[in-house]
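Biologist: I have the sequence and the coordinates open side by side. Could you walk me through the pockets and side-chain contacts?

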Amino acid sequence: MKSEELRVKSDEWEIGGKTLKSRMLIGSALYPSPANMEEAIKESEAQIVTVALRRQSAGEGGGNNFWEIIKELKINVLPNTAGCHSAKEAITTAQMAREVFETNWIKLEVIGDQYNLQPDPYETLKAAEILVKDGFEVFPYTTDDLVVAKRLADVGCKILMPWGSPIGSGQGLMNPSNLKAIRKQFPELKLIVDAGIGKPSDAVEAMQLGYDGVLLNSAIALAQDPVKMAQAFKYAIIAGRLGYEAGTMQKREFASPSTPTVGTPFWHQFA
Amino acid sequence: MIKISVNGEIKELKENLNVKQLIEVLEYKTKGFAVAINTTFVPIAKYEETIIHDGDTIDILAPVQGG
């Protein structure tokens, strides 16, 4: 089945000044091979792919080959500031990324703890304020802390990317109620669950919370079959969104028969 | 003679070059990377007017895979 058939009720949406169909943001790292990465990204039908910047020697061709593949995909590129530990480093990386990738989009990632790669809220906020003023469309990677989300919105972020769980952990959504609270408090912001997604049902859960999209990398790249998993996530994200838009039923304490009871043959009452 | 660090490697230059000259000396291509000196971004438009000094730390970054 083609995903277009499933997209009938899934409207286009807007993020960072672009109108998109897909609500998946896909990473480009950790795939078994560049060819596999290319195929998985195509299969996902994602319209945003994350990339990074690293030191490169003059003779190295690897990075440029990678960039040629990404450019050929003709989708939106979201550079990250992965590996930065201070606002200063992140700002410099963002400025370098803007020149190399020719985009004002930046996934702002400032790590505060090496063990669980938890974002540093203080440095992230400092960098976000400066980057927004400098004309960047900031996609800040943050925790599920409501007050941090509020501060990031206060400095002009139109997009927030709270974590589901630590980067690359595949633990899914550690704290759905916190994510729900952020959604409720900021209906006007674009919200993306970034990091920690492990399986398609995690993406469904994030989308059912009313999140606008999901950013994932390891869950696809480290699957036994990344291309097939990219397809699984494509459908999961559509299913979750449709489920959210359709509105789920209220939970009940007790069972309630779905088949009509009127006219039931061989009727007998429970004692 | 001045000593600088380029992407973590110590290099020696005979004179104070500007960024454009440094890139030529190091045989980088003309596009597809960005430059920072001492953690401050140097845009392409400022390559010629930015002089490399003794002890400077230069980072030359290019696209790679990222999540």
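Predicted model: local features only at pLDDT ≥ 70, side-chain atom pairs only at ≥ 80, totals over all residues.

Biologist: How many residues in the lining of the largest pocket are nonpolar, how many polar and how many charged?

Modeller: Residues are numbered from 1 along each chain as its sequence is written, with chains lettered from A and ligands numbered from 1 in the order in which they are written. Ala, Val, Leu, Ile, Met, Phe, Trp, Tyr, Cys and Pro count as nonpolar, Asp, Glu, Lys and Arg as charged, and the others, Gly among them, as polar. On that basis, the lining of the largest pocket has twelve nonpolar, five polar and ten charged residues.

Biologist: Which residues lie nearest the centre of the largest pocket?

Modeller: On a 1 Å grid over the protein atoms alone, a pocket is an open set of points where a 1.4 Å probe fits, with protein on both sides within 12 Å along at least five of seven lines, and lining residues have an atom within 4 Å of a point. The lining here comes to 27 residues. Nearest the centre are A:E99, A:V100, A:E102, B:K31 and B:G32.

Biologist: Which elements give two or more residues to the lining of the largest pocket?

Modeller: Helices (H or I, at least four residues) and strands (E, at least two) are DSSP runs, numbered from the N terminus. Among the elements, α3(A) gives the most, with five residues. The list of those giving two or more includes both chains: α3 (62-73), β5 (76-79) and α4 (87-101) of chain A, together with α1 (19-25) of chain B.

Biologist: What is the volume of the second largest pocket?

Modeller: Grid points are joined across faces, edges and corners, and a volume is the space filled by probe spheres set on the points. For the largest pocket this comes to about 650 Å³. For the second largest pocket, the volume is about 500 Å³.

Biologist: Which residues are closest to the centre of the second largest pocket?

Modeller: By class, its lining has 13 nonpolar, 13 polar and four charged residues. Elements that give two or more residues to this lining are β4 (48-55), β12 (213-216) and α9 (218-221) of chain A. Of the 30 lining residues, the closest to the centre are A:E109, A:I167, A:N217, A:S218 and B:G67.

Biologist: Now for the aromatic rings. What is the angle between the planes of A:W67 and A:F101?

Modeller: Rings of Phe, Tyr and Trp (its six-membered ring) pair if their centres lie within 6.5 Å, with planes under 30 degrees apart stacked, over 60 edge-to-face and the rest tilted. The whole structure has three aromatic pairs over all chains. A:W67 and A:F101 form one that is edge-to-face, 4.9 Å centre to centre, and the angle between the planes is 85 degrees.

Biologist: Where in the chain do A:W67 and A:F101 sit, and how many residues apart are they?

Modeller: The pair links distant parts of the chain. A:W67 is in helix α3 of chain A and A:F101 is in helix α4 of chain A, with a separation of 34 residues.

Biologist: Is A:F101 buried or exposed?

Modeller: Buried means under 20% relative accessible area, exposed over 50%, and partly exposed in between (1.4 Å probe, protein chains only). Because A:F101 has a relative accessible area of 6%, it counts as buried.

Biologist: Is B:E24 buried or exposed?

Modeller: The side chain of B:E24 meets that of B:K20 in a salt bridge (3.5 Å, N to O), and both lie in helix α1 of chain B. B:K20 is partly exposed, at 39%. Because its relative accessibility is 51%, B:E24 counts as exposed.

How values were computed
Heavy atoms only, no water. Salt bridge = Lys/Arg side-chain N within 4 Å of Asp/Glu carboxyl O.
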